[in-house]
Amino acid sequence: MVLKIKKIIPKEIFNIYHFLLALFSAILFRFPSFNKKIKIIGITGTNGKSTTAEMIAEILKNSGFKIALLSSIHFLIGEQKINNELRMTMPGRFFVQKFLRKAVNCGCQFAILEVTSEGIKQYRHKFIKFDSAVFLNLFPEHIESHGSFEKYRKAKLELFKVTKKTHIINIDDENAKYFLEIHSQKKYLFGFKKESQKCKIETQEKNLKKELEFNLSLKIPGDFNIYNAMAAICVGLEYGVKIEDSLKILKSFKGVPGRMEEVISDPFKVIVDYAFTPIALEKVYQTLTSQLTTKNSRLICVLGSAGGGRDKWKRPVLGEIAAKYCQEIIITNEDPYDEDPWQIIEQVARGAGKKAKKILDRREAIRESLKLAQSGDVVVITGKGCEPSICVAKGKKIPWDDRKVAREEFESLR
């Protein structure tokens, strides 16, 4: 019904509707982000927003600041933490403004927000005074929704256009040039020198430039986490946290729920990760392949793809990536919404080839992966991370947790 209405009503009307909702919610909660006592940090990019947000939170909290955090994983205000069960990385305008009002009232000095292209498209970022904007990376995603990759990028750029003070940019991303063109009072550019394994940060303010190089040691694996950490270090520098202090804090950072989370360690490893884009999935597989302990060790993967008409182009691509890195492939249901889940599975399988197994029931698929696993193997379950439900037809949600299911099935097989 909603889709039919959207087709009839001109796009401009919907834009006005979203804008007015943003304005009304800001008025209702008295423009909390404009309070001088709190600074808003916005993080955008295709991958890594949640991990970066958590890293920033750790740096600021351990430096004596009181913080609020709004992410795809949970909502945090001071010591109060609530799991995000909305299945939205950037919730609606009333939720965000109310969250910021609570943060101000609780005396938080910083609020860290994940900012999505869909959120920007619906003006959820409007009437929020961002002090700093962080750009991590950009890869094709939400193309059906935005109409093209260029429009997707344009949505991401909006965060930087409304942030006048500080921009923090991953200079190694090929789209960085578009973000660099937008004026700000101060810029932090970060990159990684693979040949020397050195992290580099360049600060630009007025006509002054300053460069820093350093080594970074993390408990959590993956080059992508080095970039997430560098972004967090830049935020720390902006707010007076010395680089050596940030490095010390991040050295003990244990990671984020559902992001490269090891849920079983022996006799084989089971990893749960949120990766659902081609580039994120490939990086996860590359990282885990490098950790295989023997020549006979195998990477066993369980994957699927979301429904709801979302980025259908990537389904066979996900299958191709699995075929490239994994010795055993099980394709299963993920979040079909109103689409036929078997049709989605078949589209992923088209790229994975004949060696892929197709199992509709996600629990059964996880059980099968554990039955296949032997000592030294790595089982990786992707697409959902710590999400608390599976979204099916007619807006229904089935309670779910990949981590819990993996542990339950492991115990039942012992």
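## Cysteines

Cys326 counts as buried, because its relative accessibility is 1%; buried means under 20% relative accessible area, exposed over 50% and partly exposed in between, with a 1.4 Å probe and protein chains only. Cys391 is likewise buried, at 5% relative accessibility.

The model is predicted, with local features needing pLDDT of at least 70 and side-chain atom pairs counting only at pLDDT 80 or more, while totals for chains, interfaces and linings use all residues. Residues are numbered from 1 along each chain as its sequence is written, and side-chain values use heavy atoms, leaving out hydrogens and water.

The count of disulfides (pairs of cysteine sulfur atoms within 2.5 Å) is zero. Cys326 has its nearest cysteine sulfur, that of Cys301, 3.1 Å away and is in no disulfide. For Cys391, the closest cysteine sulfur belongs to Cys386 and lies 14 Å away, too far for a bond.

## Nonpolar cores

A nonpolar core is a set of buried Ala, Val, Leu, Ile, Met, Phe, Trp, Tyr and Cys residues joined through side-chain atoms within 4.5 Å. The largest has 43 residues, and Ile41 and Ile112 have the most contacts inside it. Helix 9 gives the largest share of this core, nine residues; helices here are DSSP runs of H or I with at least four residues, strands are E runs of at least two, and both are numbered from the N terminus.

Another core, apart from this one, has 34 residues, including Val96 and Ile169.
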